[in-house]
Amino acid sequence: KPIFKQANLDVPVPDKVQSMIIEVAELREFVDIPYIAAMLETMGIDIEQNSGQDGLETWLEKIKKSSEAHDVADLMLSEYLNTNAYQLLVDKVQGEYIVNSVLSEIDTRADSRIDQRPIKAVVYSSSSTNLNLVAEQIYGNDKIAPENIAEMVGENSQQTVEDMSVELSRFRNGCRQGRNCPICNGWNDLNERVNTCQNILLEVRDSSGEHFLVERERVVRADGEPLSIYRNWVVEEVLEVCIRDPHPLLPARWTDEVWKGYGSQKCLQMASKDGYKGKDWYFGPLPNCKSSDKRIVTLQKLQRCHEFHSRSRWYRGPQLVDAPIKRVKEDVFILCLHSGLSHGLDLSFVTHIFLLEPIDDAALLEQVTSRAHRLGATGPVVVETVNAWVQLDDATTKIVSDQKKSSGNAVCEHCFRTFNDMSKARLHEKKCPRNPCCKTAGDPFHLSSVYREIRPPPPIIAEIEI
């Protein structure tokens, strides 16, 4: 049977924000527009952008009309909880909890003699934004590697049907098939429709005006900020790149002599003719790094490897289709799954499902659970809702309304209805019409009643002549 759990996580509001809420609540009769504007900007609440100057005036009017301090505190706290800053804290707490829970189950399963199934966890959400943000926190966790994660995020992503099929295969089978590009050595998953290298290369220009291509792994910093795994590159952006060659993690590049044999001279002519704004350039040797292996460059363009090295234009060397097919084993135990892509999937091998949002609809909860709790499953599946709650200091708690933590703590194992406590759920299960052991008289024409009355015929045993 499925095992339903509720994880209640506390997400603390920063002390600085709580101090500002208390300050505005106590000085509500003396605040003015410049004061409240500065306070909201510090908290990350951009009212002026959403509502204009009238928005600040409306805010000020609400604050001064409030006779109680808790009304002002509730207003400001409610606005802060909807900011990107606090949502980032929520995503971080949820991501850390999921990773720690999965790793803990892996350690426990290694010592278990009862259930030997490998841990396979699904992170499920109906919001592609929430799923992507939590996935980013999971990717950024130092306890696991990106190879341990698969994605089927659907909306607002560049994933194709073939990409999602590969990700599901990685998650199910723990391996992937593909080729390494002979030019950039980038990995490409095996795809019958696409036979060209899809890895992104960056054409950059240094202070001397020299152009060269770099892999994304060589970028150290962007605009002075540390690199993010989901970085959206922008043309003319200032980057700091590593130009070591050979690189300890990347293969050595071909020499100029090799590239001349593959048509680099024609590529240089075409690029110069287009003013370095066309598609052509080649993955040639990097500049000399005598003084430092880091260099400040400006991003000129970014595109896929096969678009730089077009055989129809100038390139005459080996391509992706010439490389042998490889099979690489991977330990993939987390799948980030969007609700729109879950219909019809057979996830009977899954051991855990983490819900980023509570599901109150019994029919929807049953549908989600039945992706894993179905024929073919060899053990129970744990369905855990990851709830995030606001955590405040004692001083702030005194002036704000009670932040009630209400979540269904028990689920009927037969009809998937949610109840506030386990005793109510167990009482309902005894009378649940979907319970095959229920003796309560119900609708005689309901399927559950029909199944109780009509038993399947005994199996037919074939006689074997010896």
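Residues are classed by relative accessible area as buried (under 20%), exposed (over 50%) or partly exposed (in between), using a 1.4 Å probe and protein chains only. By this scale Trp254, at 22% relative accessibility, is partly exposed. The model is predicted, and local features need pLDDT of at least 70, side-chain atom pairs count only at pLDDT 80 or more, and totals for chains, interfaces and linings use all residues. Residues are numbered from 1 along each chain as its sequence is written, and side-chain values use heavy atoms, with hydrogens and water left out.

Aromatic pairs were examined next. Rings of Phe, Tyr and Trp (its six-membered ring) were paired if their centres lie within 6.5 Å, with planes under 30 degrees apart counted as stacked, over 60 as edge-to-face and the rest as tilted. The count comes to 12 aromatic pairs. In one of them, Phe171 and Phe349, the ring centres are 5.5 Å apart and the planes stand at 55°, so the pair is tilted. Helices (H or I, at least four residues) and strands (E, at least two) are DSSP runs numbered from the N terminus. Phe171 lies in helix α7 (residues 161–173) and Phe349 in the loop between β13 (334–338) and β14 (352–355), so the pair ties together parts that are 178 residues apart in sequence. Phe171 is buried at 0% relative accessibility, and Phe349 is buried at 19%.

The rings of Trp254 and Tyr262 have centres 5.2 Å apart and planes at 65°, so this pair is edge-to-face. Tyr262 is partly exposed, at 22% relative accessibility. Both residues belong to one aromatic cluster, formed by Trp254, Trp259, Tyr262, Tyr276, Trp281, Tyr282, Trp314 and Tyr315.

A charge was taken to sit over a ring if NZ of Lys or CZ of Arg is within 6 Å of the ring centre and within 35 degrees of the ring normal. The charged end of Lys120 sits over the ring of Phe171, 5.4 Å from its centre. Arg253 lies over the face of Phe283, at 3.7 Å from the ring centre.

Pro146 is placed in the loop between α6 (128–139) and β3 (149–152). At 41% relative accessibility, Pro146 is partly exposed. With contact defined as heavy atoms within 4.5 Å, Pro146 touches Tyr139 and Arg170, residues up to four places away in sequence not being counted. The C-alpha atoms of Pro146 and Val332 are separated by 9.0 Å, although these residues are 186 residues apart along the chain.
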